[in-house]
Amino acid sequence: MPTSVLLDINGRAVTIEVDDPGMPLLYALRDHLELKGPRFGCGLGQCGTCAVLLNGEPVLSCETPLTKVANKKVVTLEGLGSPEHPSPVQQAFIDEQAAQCGYCLNGMIIQATALLATTKNPTVPQIKKALADNLCRCGTHLRIIRAVQRAARNA
Amino acid sequence: MLDFVSTRRDVLKVGGALVVTFTLAKKACSAVAQSSAQKKTVASDEVDGFLSINADGQVALYSGKVDLGTGLRTALTQIVAEELDVPIDRVRLIQGDTALTPDQGPTWGSFSIEIGGTRIRQAAATARKALAEIAADRLGVPTTELRIESGRVTGRGRSASYAELVGSGTFSLKIDDNAPTKNPSTYAVVGKPVARLDIPEKATGRFSYMHDFHVAGMLHGRVVRPLAIGARLESVDESSVNGVPGLLKVVREGDFLGVVATTEWGAIQAARKLKATWSNWQGLPERARLWEHVRATKINSDLVTSNVGDSAKVLSDAPKRISATYDFAAQTHGSIGPSCAVVEINDGRLTSWSASQATHRLRRQLAAMMDMPLDDIHCLYIEGSGCYGRNGHEDAAGDAALLSRAVGGRPVRVQWMRADEHGWAPKGPPVLVDLRAGVDGEGRVIAWESEFFVPEGGLGPVPLIAATLAGLSTGPIPEPYRFNFPNLMAFNAAIPYTFPNITTAAHLLAETPFRWSWIRSPGRLQNTFANECFVDELAAFLGADPLDFRLGHLDDPRGAELLLRLAALAKWEKRPTPRTGVKGDVVTGRGISYVKYRLSRTYVGAVAEVEVDRRTGEINVQRFFVVHDCGQIINPDGVTNQIEGNIIQTVSRTLKEEVLFDRSAVTSLHWATYPILTFPEVPDVVIELIDRPNEPPWGAGEPAATIVPSAISNAVFDAIGVRLRSVPFTPAKVMAAIEGH
Ligand code: FES
Ligand code: FES
């Protein structure tokens, strides 16, 4: 039976129809709302590429059923900024050219945004620890660390 | 939009694309724009194959080589902008579209700039020369008095834009290998760290990856793979998926099994719930005896890759001999985004969208599998998650083709799940290497011999899983490519050093346990690991400084210069290895390694600094110093980015990565069982680029990977006097090596 689910995505209230309210948020964002920031990487909570902010906290959308996001604010990569108006963290990633394929960037930027919200001037070990569960296969780590440092400096 | 991706069904009408082209106006009076719908050429000897200029002065660049997340898009754009003198934002790249882009072979081997880019540069130079000649004619000014700036040709106070000159039509010119290219000293765009064109969209969620691509009416497919690699599908219980919302069809064709649903979540659930019975199959070797298995595998032929003097005789007479055996585990690509493709079949024509690095090859494979004429198949490339060789993209396209056919040709998107990627993407094959050397009474190396146990071939199309499982044609696939050296895994078996007697030979094996393919620097990675460690063993045996030892056996000034710059960069102190007088549980060491890629291309040297914990066997790679000479550099920041990536990815492969398996199947099906390097484990990378603007540009996409395992092994030896000869260097192996020492 299709069910209506009310979501608050990037400051916008949206209603979607789903067959299964236990469906992970990731598929609602990608398939129903055509958002491209949150990405499918493993579906197992192991890579971080599907991350979104839920009431400001980073969560893995591949493991978060829709039932758990009712009445909470979801912010995706698109909600942080755009190519025309990037957020400070996004701008820092652009300035540091911190991407190869960029597939992991969603998780990195979401995680870094959450880190900088609570830790103003993180040390390199703090940055590494905050990003420890985010995988990057291309080996862009050093640029990502520099981007987070730059974002902290510019804050 | 950065890439042009055709999603319109009406583009393809008669086996080629309908493109609006404009005739190059030879005479001023013929500038009547006469747009005509005709088939765009994909000939790789025609300027029109690679370039077109439209009436707005926009340059379209058609590249058969594709950007796999390496920054190639930006680098190729720089080359064309430079050679044609147009602003970079006026160049649009179209890549990997079988109807529009020439077949430049798969995007592999670090050849995209070296061969692909050089060809495109020559096409642009030919176009520039033609444009100048037309301008001379039109403006009545000799070409010697013309200047070209920003897509406009000027002389004697008169000028015309490319758009005005091209007016309408095609170049209709063969690429002229003698068309003059610009003098590198005048470059304004090439050689500069031009910012990547794709990063702003990637950092903000605007970029469309393959995984984001959809067409109207698209359905979602998932595959259900056999429980054992060679298992037969005995039965399927379709009642097990009764009631899964959105499920349209369970598709079975031979041993190929999949589901199609109207929603992605429906497809995932159906694939998870579907009950199937598979036959028993136990055709894989016992993992604990893998190397015995490799050694006992049937040898098809032996390939001697270098032969100097008489190593057999000299070795048997040598006063001192040393020998060692190295092995390198099977590994997987591990793209962060699993493979994904969309296929539809409309009016007997199949269209495939995927992140294939070889769309022309995929097209031929799909034609064989689907038993369709080549002309009825159109394959388009859309950038996916980073890919470091032939991973699962083509297979996902094969899966989508069978699923689409089963639902009347409706468009089906197949997204592999993580276990599909880890379990079924082709693997880098396990490699075993025996090395021997002889030393004379004066401490000189007089003989070097090596034997590499590697699978034969490796450059041909990797069979599509769907075709194999469904019992459909996997070939032979006729290809237009010629390979001078078809045995991929024997690359860099030969060494860059001048010992008086050398034999390096590859035993080309009839088979290897897994369906295999190239993964970033196949052969060169494994073979350089063994060679550069064994060189270090010799230096240690002779009590020589490992850098001095290499320099003493190098007859290559460019390589020697690189090593000396590396010594300066890493503040290398000359002394024999291992260190002496080290105390404590955690000890540091440094190791050096050097490669001349395929003995003919890019030079890389590196020094690794490591910390080894003798109690746990853990290796912490602290720092890599790298000096890199790939000739002319198109984009220094792009090259640096590639080198950092190569080093970090290969540190991961060296310390951690190994495909696990039982007798039936791969068992390392996710990131917990196939772990890769994480942020806290990442080393610093210090890079010095040697730019040689007047030399040809060589590849930078993978050479730096090759020196990583040996640099680390040599550094561990320097720290603790224990030689690691088996990749990955897991703590368990390090402890075993310490105990066996
Ligand atoms: S996709 Fe969610 S953690 Fe990997
Ligand atoms: S940039 Fe490719 S996975 Fe991180």
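Trainee: Which residues does Asn527(B) touch, not counting residues up to four places away in sequence?

Mentor: Asn527(B) touches Val431(B), Phe452(B), Met489(B), Ala490(B), Phe491(B), Asn492(B) and Ala493(B), where contact means heavy atoms within 4.5 Å. Bear in mind that this is a predicted model, where local features need pLDDT of at least 70, side-chain atom pairs count only at pLDDT 80 or more, and totals for chains, interfaces and linings use all residues. Residues are numbered from 1 along each chain as its sequence is written, chains are lettered from A and ligands numbered from 1 in the order in which they are written, and side-chain values use heavy atoms, with hydrogens and water left out.

Trainee: OK, and is Asn527(B) buried or exposed?

Mentor: Asn527(B) counts as buried because its relative accessibility is 0%. Buried means under 20% relative accessible area, exposed over 50%, and partly exposed in between, with a 1.4 Å probe and protein chains only.

Trainee: Which helix does Asn527(B) lie in?

Mentor: Helix H13 of chain B. Helices (H or I, at least four residues) and strands (E, at least two) are DSSP runs, numbered from the N terminus.

Trainee: How do H13(B) and H17(B) cross?

Mentor: The axes of H13(B), residues 524–541, and H17(B), residues 708–720, come within 8 Å and cross at roughly 30°. Axes are lines fitted to C-alpha atoms, for helices over the stretch in contact, and angles run from 0 to 180 degrees between N-to-C directions. H13(B) and H17(B) are therefore roughly parallel to each other; the cut-offs are under 35 degrees for roughly parallel, over 145 for roughly antiparallel, 65 to 115 for roughly perpendicular, and oblique for the rest.

Trainee: Which residues meet there?

Mentor: From H13(B), the list includes Leu525(B), Phe529(B) and Cys533(B), and on the H17(B) side Pro709(B), Ser713(B) and Phe717(B) are among them. By class, this contact of H13(B) with H17(B) has six nonpolar, four polar and two charged residues. Ala, Val, Leu, Ile, Met, Phe, Trp, Tyr, Cys and Pro count as nonpolar, Asp, Glu, Lys and Arg as charged, and the others, Gly among them, as polar.

Trainee: Switching to strands. How many residues of S9(B) are buried?

Mentor: Five of five, so to speak: strand S9(B), residues 219–223, is mostly covered. Leu219(B), Gly221(B) and Val223(B) are buried on one side, and His220(B) and Arg222(B) on the other.

Trainee: What does S9(B) pair with?

Mentor: Three bridges join S9(B) to S19(B), residues 412–415, in parallel, and Leu219(B) stands opposite Val412(B) there. Four bridges join S9(B) to S12(B), residues 256–261, and that pair runs antiparallel. Arg222(B) has Val259(B) as its bridge partner in S12(B). Two strands pair if DSSP finds at least two bridges between them.

Trainee: What order do the strands take in the sheet with S23(B)?

Mentor: The order is S23-S24-S25-S26 in chain B, an open sheet with mixed pairing. S23(B) (586–596) and S26(B) (684–690) are the edge strands, each pairing on one side only. The twist averages 10° from one strand to the next. S25(B), residues 619–629, pairs with S26(B) in the parallel sense over seven bridges, and Phe625(B) has Val686(B) as its bridge partner in S26(B).

Trainee: Which helix lies across those strands?

Mentor: H15(B), residues 557–569, running at about 135° to S25(B).
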